[in-house]
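Work through the exercises below with the sequence and the structure at hand. Each task is followed by its solution.

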Amino acid sequence: MKGIIKKVSEIDFGLMSPETIRKMSVTKIVTPDTYDEDGYPIEAGLMDPRLGVIDPGLKCRTCGSKGGDCQGHFGHINFARPVIHVGFADTIHKILRSTCRKCGRVLLNETEKLEYHDRLQSRIDAGEDISRILKQIHLSAKKEKCPYCEEEQEEIKIDKPISLVEGNYKLTASEVRERLETIPEEDYIYIGINPKVARPEWMVLTVLPVPPVTVRPSITLETGERSEDDLTHKLVDILRINQRLKENMEAGAPQLIVEDLWELLQYHVTTYFDNEASGVPPARHRSGRPLKTLAQRLKGKEGRFRSNLAGKRVNFSARTVISPDPTLSINEVGVPEMIAKEVTVPIAVTEWNIDKMKEYINNGPDVHPGANYIIRPDGRKIRVYDETKETVIENLEPGYIVERHIIDGDIVLFNRQPSLHRMSMMAHEVRVLPYKTFRLNLCVCPPYNADFDGDEMNMHVFQTPEARAEANDIMKVQEHILSPRYGGPIIGAIHDHITGAYLLTHKDTVFEEDKAFQIIKRSKMELPEAKGRPWTGKEIFSLLLPDKLNLVYKAEICRKCEECKQRDCEYDAYVVISNGELLQGVVDDKGYGSGSGKILDAIVKQFSPSDARYFLDHGTKLAVFGGVMQRGFTTGTADEEIPKEAEDRIAELLERSDRRVEQLIEAYENNELEALPGRSLRETLEMKIMQVLGEARDNTGVIAEHYFTTNNSAVIMALTGARGSMLNLTQIATCVGQQAVRGGRINRGYIDRTLPHFHKGDVGSKASGFVHSSYKKGLDPLEFFFHAMGGREGLVDTAIRTAQSGYMQRRLVNALHDLSVHEDGTVRDNKGTIIQFKYGEDGINPAKSDYGAVANLDRLIEEMRLEDSRASK
Amino acid sequence: MDVEQVQTVVNEVGADYFPIKLVEEIAEAGERNNLTDEELEKLVLKVKEAYEREEVEPGESVGTIAAQSVGEPGTQMTMRTFHYAGVVELNVTLGLPRLIEVVDARKKISTPTMDIYFTDEFKNDEEFIRKMGNKIGKITLNDVIKNFNVNYMDNVITAEIDQDILDERRLEISEVTGEIEKTFKHVTINNNLLSFETTFSNDEEKIQQGIRELRLLADKIRDLQISGVKGIGKVVIRHEQNEWVIHTEGSNIGAILKIPGVDIVRTTTNDIFEIEKVLGIEAARNAIIHELYTTMEEQGLSVDIRHIMLVADMMTSDGTVKSIGRHGISGEKSSVLARAAFEETGKHLLNASIRGEVDHLTGIIENVIVGQPIPHGTGSVGINMKKID
């Protein structure tokens with residue numbers, strides 16, 4: 001350890017006085033030139049060597065440290081005439097308006113002063129915002145006559161960026177400064193200035209600090225040409241004008257010329273601080289690009305604050321494409337060997353691990369479980385090379401630190417952007433694998449919102465034991481199965497895992513014992529005792545369930561019959577689990593799917609996250625090897641095939657609804673339509689047509705569904721909730737339906753019609769974007785066009801929505817991130833203000849709750865009774 | 001099984017910190033399952049165990065979790081601004097735009113609506129409610145006249161009050177004529193025949209102007225409001241769950257609550273600013289919770305109520321409804337760095353310098369900026385060394 005780490009306890013803000021600027025300056029800068037002909041920096045120029053060094057190897061003329069270690073030193077420029085600081089122009093204007101033009105006192109009478117003083121002082125002491133009171137003062141300190149010296153006041157206006165005009169006379173910066181100087185110190189509080197750190201006249205600059213070269217490094221291009229930083233360019237401008245102004249003043253040039261130059265100096269100083277100030281044309285680079293000056297460096301998303309201070313670049317991280325691997329645990333991540341050899345973990349050498357460490361060093365940086373660097377006790381970092389490794393091994397002793405490659409079992413942080421919630425960054429255990437992609441278990445796709453169409457993810461390696469301990473205990477994937485958003489599982493099976501589990505637990509699935517054992521073995525589960533008879537799929541699945549699990553629920557395939565037959569359900573949709581035995585019902589999306597899995601939910605809540613991890617790891621494998629891979633599972637257009645007679649019925653049905661639409665239009669044209677309350681006739685017609693066409697589409701769906709049986713793969717996927725919906729299938733098989741733009745039928749395009757293929761005023765089904773064809777049959781050109789219109793709206797919608805909700809989330813997080821629960825159960829912000837006396841009125845953590853409730857009381861009672869009856873037996 | 005009985009059991013086992021709502025739920029569940037006294041005690045103990053396990057730990061960063069839980073589903077919401085919520089005839093802003101509107105604490109929301117309920121005495125009195133509906137809803141002269149005619153020759157506008165409509169709207173003709181006489185000076189009323197004149201002189205040169213004036217007068221006549229509460233437009237009267245309810249477009253809860261017969265407990269508006277003004281900050285807090293929760297729920301997204309409560313409590317904690325963003329909570333943070341890192345970087349830094357502000361680095365982002373552990377979760381604890389001589 002390197003001794004005590006100091007803590008920053010506070011940061012004070014204040015203005016710099018001209019004296020401090022001069023005092024901290026190492027040199028006065030006068031020459032606008034930077035380098036002489038030989039390429040050496042000019043003394044008293046902008047690149048003066050006393051301002052610090054950038055090139056490593058050179059020594060700083062001021063502090064003597066080497067390049068890289070020297071953080072640079074400020075210089076200063078003395079202005080020939082004072083200039084106003086743009087950032088304070090508004091403040092200066094307000095101050096001048098509320099102070100006397102002669103005696104400089106704030107235009108408040110004694111009683112007002114007394115009242116405001118107390119209010120201001122108490123808020124300042126409490127560290128609260130005073131801008132609202134200042135605004136009030138500003139309004140009441142607008143008097144015709146000074147209450148102290150009786151001087152008549154004249155109105156001062158601000159002319160866009162920086163010029164202040166009193167009556168018709170434009171005040172010069174010197175005059176402004178003089179006036180600010182006269183303001184007595186006891187009045188500072190009313191104009192919002194803290195006399196301890198600032199004086200109003202300091203807002204008018206007489207001397208400018210010149211930042212060290214490290215702040216504005218010049219770049220040497222390949223051609224050997226030097227390219228200076230934007231700030232340097234701006235400082236050159238300032239110096240040049242300042243010099244000319246000084247010369248002209250000394251030579252006694254006419255007032256007009258001096259004023260022009262003064263104005264120019266003001267312009268350059270203004271753009272030096274802020275090149276986007278309103279009313280000032282931005283200073284440009286030779287190429288026409290606006291310069292990036294001080295304010296631009298700090299501001300906005302790419303500014304210093306948001307991109308370098310609130311977010312920082314890190315080492316020991318990796319990024320690559322992701323791909324799926326169902327054989328991994330949800331807690332694991334497959335790391336390509338190439339990456340494993342690049343990112344390292346620092347391990348302190350001890351007596352007990354020294355041999356292992358030597359082995360790593362002997363492997364070197366290019367053989368996998370190797371080491372890249374060692375750090376000697378004196379802090380020197382040494383790279384391990386094949387040539388040097390022998391000596392390194394010889395010298396290795398406890399106290400050294402070895403940076404070894406990451407190996408299986410190391411814990412790393414895994415992340416996918418956008419990181420919208422805490423499940424976007426979870427800790428995984430490393431599995432070093434061949435090839436070049438990160439591999440992850442499919443169950444963790446939903447929390448990361450990842451798919452494998454080219455998504456990339458980031459990995460970070462923890463560097464301290466504290467970080468690893470924390471990650472292992474609270475950031476592991478298994479600790480995040482339940483979402484804090486709603487207290488239910490967010491991690492769970494998706495797609496083929498669900499179909500697989502359905503097929504496995506289906507009534508008709510029976511395996512010979514040896515086959516069943518093969519499946520169990522392949523799923524990496526312990527072999528059970530032999531039964532000497534064939535196994536049902538449900539029996540195999542039951543092996544996964546904890547022995548004490550009791551659960552009753554309705555599966556996703558439930559048809560929602562009017563009267564539930566419960567245990568006699570003919571679709572096997574009534575799931576009963578008793579003492580860890582799946583007695584009846586199929587396992588599908590409701591069983592262990594992400595977002596709704598009941599079994600999964602029960603296991604995490606009644607047992608433990610690691611039991612849930614076991615269930616998911618092996619359950620998904622079982623679904624793949626015992627379900628999908630035993631039977632084979634595929635889908636194609638053949639699955640959406642419907643017989644000719646059905647097609648005829650559909651065509652007839654659509655024709656009938658078209659006729660109905662015509663009738664409605666006719667009724668509308670003959671004024672026979674009755675308007676719905678609060679709607680115009682036109683709107684009523686539109687609503688009625690939409691209703692008729694919607695029903696028509698639904699009815700075609702009903703016809704098609706009649707021919708879709710449960711041995712159809714596409715139907716299995718839709719019913720079990722694995723992928724797709726019945727709506728998707730009927731759109732493929734029968735009729736796509738109405739295309740919508742802006743929530744209604746399509747009505748825009750040409751005058752009174754959507755396309756020139758129709759008559760003017762045609763509002764029939766075809767002309768307004770109803771697609772009669774099915775996806776399978778194919779859309780005609782007009783339908784295709786309307787379909788594209790609807791599709792485009794969807795795309796635009798998504799694009800806008802992401803931007804809007806992203807900004808909303810940023811604001812929400814920013815407003816709430818300081819809140820935390822304190823020891824007394826209150827929720828407080830960083831000032832200690834109580835926001836809630838008890839978190840959520842009951843102090844329950846939603847992530848640990850049962851869908852927001854403390855407990856499912858009915859289930860608790862049921863469980864309790866079951867236990868009792870068992871005990872009495 | 002009554003609540004008091006459960007409460008005594010709860011107190012006996014030392015779980016007196018249970019919220020009343022939970023006690024009530026236990027009582028209900030006990031009723032449903034016919035619990036014996038013995039079983040009840042056992043159940044309470046089990047609930048206590050669960051309660052203790054599920055309590056939030058000190059240091060938990062509940063603010064960030066709440067913000068993420070409310071913000072993350074935003075990506076899954078539809079952009080479709082207008083949708084018919086329950087009432088087909090009225091448009092209401094829903095989904096993400098509504099969420100943003102609530103969180104922004106907008107003074108003027110895009111679709112204010114009210115649901116007006118009536119006391120038991122009147123809630124099934126259709127006639128009364130229809131009459132109320134007409135009194136509340138905006139009716140302009142245009143709605144009750146027929147044969148509207150602008151006569152450019154004689155510079156008069158004639159119209160006829162439609163008695164049938166008046167009857168349907170339950171208006172008295174005297175109310176209408178009274179209102180007309182109050183507004184227009186040059187008007188002659190003959191039973192239900194109206195004729196308006198402009199202040200037009202017969203000067204030839206002013207003819208052009210006269211026509212313009214006549215048209216303006218026509219618009220003014222048509223737009224004359226003869227009935228309705230200020231701020232409220234269309235009303236829809238519906239029979240819902242065995243009572244008559246009025247839904248309105250536009251909102252003015254202050255005026256509506258003063259109308260006799262209105263149930264002041266259930267009548268509500270979706271305008272949070274108005275609720276704050278009329279009913280106070282606690283009501284506004286509940287309104288924010290209700291609006292956020294129903295907006296999410298309507299989109300089929302479940303968000304735990306506690307997250308929404310925290311957002312609402314943060315917005316209302318100092319007695320006024322503050323928006324989430326630079327003009328509200330984020331702009332009033334005590335830390336300079338936190339404000340500068342959010343928005344308007346330059347302004348905050350410059351102001352801090354003349355005010356001589358001090359940043360005590362107590363928040364999250366300040367500590368991230370200076371590179372120190374944040375004071376939440378595992379970072380909220382430390383070790384104090386005790387010197388032993």
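**Exercise 1.** Does A:A44 count as buried, exposed or partly exposed, and why?

Solution. This is a predicted model, in which local features need pLDDT of at least 70, side-chain atom pairs count only at pLDDT 80 or more, and totals for chains, interfaces and linings use all residues. Residues are numbered from 1 along each chain as its sequence is written, while chains are lettered from A and ligands numbered from 1 in the order in which they are written.

Step 1: a residue is buried if 20 or more other C-beta atoms, placed from the backbone, lie within 10 Å of its own, exposed if 12 or fewer, and partly exposed in between.
Step 2: A:A44 has 13 C-beta neighbours inside 10 Å, so A:A44 counts as partly exposed.

**Exercise 2.** Locate A:H495 and state its phi.

Solution. Step 1: A:H495 sits in the loop between α14 (465-475) and α15 (496-505) of chain A; helices (H or I, at least four residues) and strands (E, at least two) are DSSP runs, numbered from the N terminus.
Step 2: its phi is near 45 degrees, a positive value in a residue other than glycine.

**Exercise 3.** Why is chain B described as more spread out than a compact globule?

Solution. Step 1: chain B has 17 helices and 13 strands.
Step 2: its radius of gyration (over C-alpha atoms) is 30 Å, well over the 21 Å that the globule rule gives for 389 residues, so chain B is more spread out than a compact globule. The rule is 2.2 Å times the number of residues to the power 0.38.
Step 3: the C-alpha trace of chain B spans about 110 × 70 × 35 Å along its principal axes.
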